[in-house]
Amino acid sequence: MEYTNIVVAVDGSKAAEKAFSHSLDIAKRNNARLVLAHVVDSRTFSTAEAYDRSLSERAETYAKELLDDYVEQAEAAGITDIVRCIEYGSPKVKIAKEIAGNFEADLIICGATGMNAVERFLIGSVSESITRYASCDVLVVR
């Protein structure tokens, strides 16, 4: 099978770095479009934003700088078809259902989370949610 549209979920974590690294190899092998997706989890700062209105602006600035850095790395690796995607909401929902659908993804690559067992039990991991709800192949990189 050849992949043509690869979505890689990035958030700046070590796990996301590893996922991104794998995505470069796979995109090059398949001459695929690489969609760099970052979801600003607006639920995490919605309450705090009542006290500090600049949180959403900082989150957006961080997302843009993060994706710019990944684009530079991808271009240096020889990837030519690169798309940036910044969304707001729940990463669990946005990546598997909306972003993958909007870009007709046939592969989603994400990093395994660093949450402990209690956190996974209470809220579940993003990678678990992606594998459960995605309609395409998913690669979870450890």
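**Note on the predicted model**

1. Leaving aside neighbours within four places in sequence, Ser23 is in contact with Val8, Leu34 and Ile109, where contact means heavy atoms within 4.5 Å. Ser23 is found in helix H1, and at 0% relative accessibility it counts as buried, the term buried standing for under 20% relative accessible area, exposed for over 50% and partly exposed for values in between (1.4 Å probe, protein chains only).

2. Residues are numbered from 1 along each chain as its sequence is written, and side-chain values use heavy atoms, with hydrogens and water left out.

3. The protein chain holds 6 helices and 5 strands, and along the sequence these follow the pattern β-α-β-α-α-β-α-β-α-α-β; helices (H or I, at least four residues) and strands (E, at least two) are DSSP runs, numbered from the N terminus. Of the 142 residues in the protein chain, 44% are buried. The accessible surface of the protein chain comes to about 8100 Å², with 48% of that belonging to carbon and sulfur atoms, as given by the Shrake-Rupley method with a 1.4 Å probe, where for residues only the protein chains shown count as cover. Of the contacts in the protein chain between residues at least 6 apart in sequence, 74% join residues at least 24 apart.

4. The 5 strands form an open sheet with parallel pairing, in the order S3-S2-S1-S4-S5; two strands pair if DSSP finds at least two bridges between them. Strand S3 (82–88) and strand S5 (137–141) stand at the edges with a single partner strand each, so one side of each is left without a neighbour in the sheet. From one strand to the next, the twist averages 20°. Strand S1 (residues 5–9) pairs with strand S4 (residues 107–111) in the parallel sense over 3 bridges, and Val8 stands opposite Ile109 in S4.

5. Helix H1 lies across S1, strand S2 (33–40), S4 and S5, and runs at about 150° to S4, the axes being lines fitted to C-alpha atoms (for helices over the stretch in contact) and the angles running from 0 to 180 degrees between N-to-C directions. Ala15 is found in helix H1 (residues 14–30) and, not counting residues up to four places away in sequence, touches Gly111 and Ala112. The C-alpha atoms of Ala15 and Ala112 are separated by 5.9 Å, although these residues are 97 apart along the chain.

6. The structure holds 1 aromatic pair. The ring centres of Phe20 and Tyr70 are 4.5 Å apart and the planes are at 50°, so the pair is tilted; rings of Phe, Tyr and Trp (its six-membered ring) pair if their centres lie within 6.5 Å, with planes under 30 degrees apart counted as stacked, over 60 as edge-to-face and the rest as tilted. This pair links distant parts of the chain, with Phe20 in helix H1 and Tyr70 in helix H3 (residues 55–76), 50 residues apart. Phe20 is buried with a relative accessible area of 1%, and Tyr70 counts as buried at 0% relative accessibility.

7. In helix H4 (residues 91–102), the buried residues are Pro91, Lys94, Ile95, Ala96, Ile99 and Ala100. H4 is followed by Glu104, whose phi is positive, near 50°.

Technical notes. This is a predicted model: local features need pLDDT of at least 70, side-chain atom pairs count only at pLDDT 80 or more; totals for chains, interfaces and linings use all residues.
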